[in-house]
Amino acid sequence: FSMEDAKSSVDFDTRKGTFELNRPGQFFSFDINQYLAFMDRANWDIPAKTIAVRNKAEGSQSKMLSVNKSQDSLQYMAGSAEFSLLTTVLDVFEANEIDVADARIYPDSGRVTIDTAADMRVLERARLTADRYTRYHEYYDCSLKITSRKYYKGSGLREYIDKDGTPWPLYFHTLRVNRDIKSEGIAEVEEEDAFFMSPFFGFQGKVEMYAPSKNLIFDGKTIIQNTCDNIVTTWFPFRSSIDPTNIVIDLPKFGEDKAADRLFNGIFISNDSTSGYSAFLSKASLKADLEIIRSDGVLLYDEAIHSYVIARKERINDPESRGNYLLLNNRECFTQAEGSLSFGERTGMVEMQTLGQVTHNLDNDLIEADVFMGISFPFDDAMLQAIADALIMNRGEGTVDISRRAFRIAVNE
């Protein structure tokens, strides 16, 4: 313990001593702890062998500064500190917050303990905000080790709040600063934890936090809440940034995923042509079966229509845009698909394009289709002209019902 330019008094009757610095901006130095306290008064308790430092102005705070070179000038405000001449431990009080890297750490009860060489003891039951500017991520009951102005590591709890306001606790076994001086964290969720991202999506796997991003990244497996007997769903892998108020899950493109994890999403006709079936996030589909329509892209749940939906993002944002669309209504148990259809046509020189809507009732196994079919084939020019003239004469009356959904799908495609 040392100081410069101070006045002092020692009373050997009361066995107390006081030291007051003479000039503003001076400090007390705790050399063995490699810390400076920018306070102006010290009280020496001779029997207790302690030195307590504070400011003469009640309730004021001053800077505590680490001069250990490896700590890159770690500093924070505090109300007082006490140094033990017996243990050489420096206890700091009213240190309500410490800024480290992009985070702000709140020690429990504002107490920080410093050992020799500026070694700060692990902060237990601390709180953490990352980053301290956006405040996207709040952690509590943390165990944190601060090693410098730019680095900390530890663990802590936070709550994931779903769209209904239900809190789901997540234990982040890893909280740390990355090479970009940004806070990050990792949590693990087991199947037995019964964790739900929303009432419609279960989850197991890894959860990642990156402080500049508002949303957490979920990297693991999810399962939909399906009550329809004729649809067999299972846990499937994904990695997506999740907005709890609007969950959109990225699905692998068909053929780009591992064969063991491949998912089938569409409506099919069995190879014997006597029955059809729907697949929605399902692993069962025979290669020989005829695929009427398939959809991929992203998965979400649309509460307005009580349905899980699979389509490209552009198609979801704009229903009149191009691309296939598949939904599973898990309340009334039917699937419905829109877009480009195939019925296994083998037409030789005749070219066909079929577009429209297919609905599969999962209860009675009835498949209905509303289609718009385009046909191109060799045709006599004179006959073609005669058909065109007849259509013009009739002004197209009674030919096409443009209010049909199939017609709108064909026009958009």
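In this predicted model, the accessible surface of the protein chain comes to about 22000 Å², of which carbon and sulfur atoms account for 49%. Of the 413 residues in the protein chain, 42% are buried. The secondary structure of the protein chain consists of three helices and 32 strands. When contacts between residues at least 6 apart in sequence are considered, 45% of them join residues at least 24 apart.

One disulfide is present in the structure, and it joins Cys-228 to Cys-333 with an S to S distance of 2.2 Å. The torsion about the S-S bond of Cys-228 and Cys-333 is about -95°, and the disulfide is therefore left-handed. Because Cys-228 is placed in the loop between strand 21 (216-224) and strand 22 (236-242), while Cys-333 is placed in the loop between strand 29 (325-329) and strand 30 (334-341), the pair ties together parts that are 105 residues apart in sequence. Cys-228 has a relative accessibility of 3% and counts as buried, and Cys-333, at 11%, counts as buried as well. A further cysteine, Cys-142, is buried with a relative accessible area of 1%.

Aromatic side chains were examined next, and a search of the whole structure finds 20 aromatic pairs. One of these is formed by Phe-1 and Phe-19, which are arranged edge-to-face, with 6.4 Å from centre to centre and 65° between the planes. Phe-1 belongs to the segment before strand 1 (6-11) and Phe-19 to strand 2 (residues 16-21), so that this pair, 18 residues apart, links distant parts of the chain. Phe-1 is partly exposed at 28% relative accessibility, whereas Phe-19 is buried, with a relative accessible area of 15%. In the case of Phe-200 and Tyr-301, the ring centres are 3.9 Å apart and the planes lie at 15°, so the pair is stacked. Since Phe-200 lies in the loop between strand 19 (195-198) and strand 20 (201-210), and Tyr-301 in strand 27 (residues 298-302), this pair ties together parts that are 101 residues apart in sequence. Phe-200 counts as buried at 17% relative accessibility, and Tyr-301 counts as buried at 16%. One aromatic cluster is formed by Tyr-160, Trp-168, Phe-195, Phe-196, Phe-203, Phe-218 and Phe-238.

Arginine side chains also lie over aromatic rings: Arg-127 lies over the face of Tyr-106 at 4.4 Å from the ring centre, and Arg-158 lies over the face of Tyr-139 at 5.4 Å from the ring centre.

Technical notes: Residues numbered from 1 in each chain as written. Predicted model: local features only at pLDDT ≥ 70, side-chain atom pairs only at ≥ 80, totals over all residues. Heavy atoms only, no water. Disulfide = S-S within 2.5 Å. Helix = DSSP H or I, 4+ residues; strand = E, 2+ residues; numbered from the N terminus. Buried < 20%, exposed > 50% of the residue type's maximum accessible area, 1.4 Å probe, protein only. Contact = heavy atoms within 4.5 Å. Areas by Shrake-Rupley, 256 points an atom, 1.4 Å probe, with all protein chains shown as cover. Phe/Tyr/Trp six-rings, centres within 6.5 Å; stacked < 30°, edge-to-face > 60°. Lys NZ or Arg CZ within 6 Å of the ring centre and 35° of its normal.
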